[in-house]
Amino acid sequence: MTNTEKRRRCCFGGERDGEGSSNSLRFVGGSSSSSSSSSSGGGGRGGSGGTSATVLSTTPVYVRGMCERYLPSSLCTLFVDIERTGEASQFYDKFTIRNHISRCLRHVLRMPAFREALVAFSDANSHVYDRFSNMLLNDIVYLLDELIQKLEAVHEIEQQRMTRAAWNVLGAAGRAERDHAQRRHERHARTCATLGVELVRLLRVVTRITPTSFVSAALVDRVAAVIQCYLSRLCGPRAHVLRSPRAVNAVRFDARHVLLMFAACVAHLAPYDAFATACAHDDRYYDGGGALRAAADTIEATASTTITTRVRAVLRAAVAEHQRAVLQNIDIDDAPDEFVDPIMQTLMRVPVQLPASGVICDRAVITRHLLSDATDPFNRAPLHVEQLVPLPQLQARIDAWLAEQQKQKREEPPAPRGDDGDERQ
């Protein structure tokens, strides 16, 4: 065993799983009970925060000051840097390491000095903090999607077992194989639940402390899509699978608690118009505000009045914005090719030029790409946000064209309607 392997076993508890597989997740930290009990999301309540304050009070002043100033930023930076460790198992290693980072961050952010340091870091190093936020969302999506997929598989086996004729026709070998598959799915789902729910807890904390970072142009569309996606899945027609006794007892996944945490994220971002606008423009999960409405109805009996009120406020704002957008809808097919973003095929609002390839893209689109991959998507040359070249003259032409299209839209006579109220073609 190499020295590197010895260090990894010492830090993370040994082999990845009992079967020696390198392609499965396994949480190898401490018990999750401590984090699951802190349902307030690090809001300054709980006994462990007092313990931290006691320890810091006995620490030399200069050491305490350095911790308060640099620990949150260092943990966020490590969260980003651990994306690539150079190991063959780096994809799976990062989840366990980030689980420990998340626990540390939530713990120290119970104290005002550390919260202030995080706000200062997010303002002064927005490009790093945006990457941290984006990777946090990426991990939540991966882990919760894996969890839901495995719970669906477990539910299918359970339904087959309840149908005696279908279960008996499998034979002894077939039933044994299905039992083994169910245990494998439950083990994988349990790991994803432990890791994924911890990151949702962290998301709830950081959206409360640094909400403006999550409604920035680079992140707000992604944040709205992720939150609406899981509100929809936790309240949708298949929600009973996630709340089944098997999910609660065997996998230890509390779907209602996760729903409350996502609703709290909505409440933290509710004061910002950009978030409601992004929800309304999310073509995949908006669905007339169905996810937000279902979430508000579901949590009304258990969540605080503030959270429920704010979720409904976001719903009203999103519905109003969607109606306004429909009235001002501009057909992208009418736009000149030079006004269209080559990556997303949408109308550019803030065009910028990529220095290496010379391609012109929308700033918001290319910024979202750079949060995950710091390269030019057209020639893979290294690229950073600071290198993007603004094109004010092109932007002025786009703004003028857009204003003219909206003017024509307003001046169009309303389409004649038939007796049934439908527009005639």
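Predicted model: local features only at pLDDT ≥ 70, side-chain atom pairs only at ≥ 80, totals over all residues.
The secondary structure of the protein comes to 19 helices and 3 strands, and of its 425 residues, 42% count as buried. If we take the contacts between residues at least 6 apart in sequence, 71% of them join residues at least 24 apart.

Helix α9, which runs over residues 171–209, packs with α14 at an angle of about 20 degrees, and their axes are 9 Å apart. Angles under 35 degrees count as roughly parallel, and α9 and α14 are therefore described as roughly parallel to each other, while their crossing is left-handed. On the α9 side the residues taking part are V197, V200, R201, L203, R204, T207 and R208, and these meet H257, V258, M261, F262, A264, C265, H268 and L269 in α14.

Which residues does L269 touch, not counting residues up to four places away in sequence? They are T207, P211, F214, V215, V223, I227 and F275. One of these, V223, is 46 residues away from L269 in sequence, yet the two are 9.9 Å apart in space, counted from C-alpha to C-alpha.

In soluble globular proteins, nonpolar side chains tend to be buried together. Here the largest nonpolar core has 87 residues, and those with the most contacts inside it are F253, F262 and F275. When neighbours within four places in sequence are left aside, F262 is in contact with I140, L144, V200, L203, I227, Y230, L231 and L234.

Helix α11, made of residues 220–235, and helix α16, made of residues 290–299, pack at an angle of about 55 degrees with their axes 8 Å apart. That angle makes α11 oblique to α16, and α11 passes α16 in a left-handed crossing. The meeting residues are Q228, L231, S232 and C235 in α11, and A291, L292, A294, A295 and T298 in α16.

Burial can also be seen at a serine. S102 lies in helix α5, which covers residues 90–108, and it counts as buried because its relative accessibility is 0%. Leaving aside its neighbours within four places in sequence, S102 is in contact with E198, L199 and L202.

The strands come next. The 3 strands form an open sheet in the order β2-β1-β3, with antiparallel pairing. Which strands stand at the edges of this sheet? They are β2 (360–362) and β3 (389–390), and each has a single partner strand, so one side of each is left without a neighbour in the sheet. Strand β1, at residues 351–353, pairs with β3 in the antiparallel sense over 2 bridges, and the bridge partner of Q353 in β3 is V389. Helix α18, made of residues 363–372, packs on the sheet, where it touches β1 and β2, and its direction makes about 85 degrees with that of β2.

Finally, two arginines in loops can be considered side by side. R252 has a positive phi of about 60 degrees although it is not a glycine, and it lies in the loop between α13 (245–249) and α14. Is R252 buried or exposed? R252 counts as exposed, because its relative accessibility is 59% and exposed means over 50%. R380 likewise has a positive phi, of about 65 degrees, although it is not a glycine, and its place is in the loop between α18 and β3. With a relative accessible area of 48%, R380 is partly exposed.

Methods
Residues numbered from 1 in each chain as written. Heavy atoms only, no water. Helix = DSSP H or I, 4+ residues; strand = E, 2+ residues; numbered from the N terminus. Buried < 20%, exposed > 50% of the residue type's maximum accessible area, 1.4 Å probe, protein only. Contact = heavy atoms within 4.5 Å. Core = buried A, V, L, I, M, F, W, Y, C linked by side-chain atoms within 4.5 Å. Pairing = 2+ DSSP bridges. Axes fitted to C-alpha atoms, helices over the stretch in contact; angles between N-to-C directions. Parallel < 35°, antiparallel > 145°, perpendicular 65-115°, else oblique. Left-handed = near helix turned anticlockwise from the far one by under 90°.
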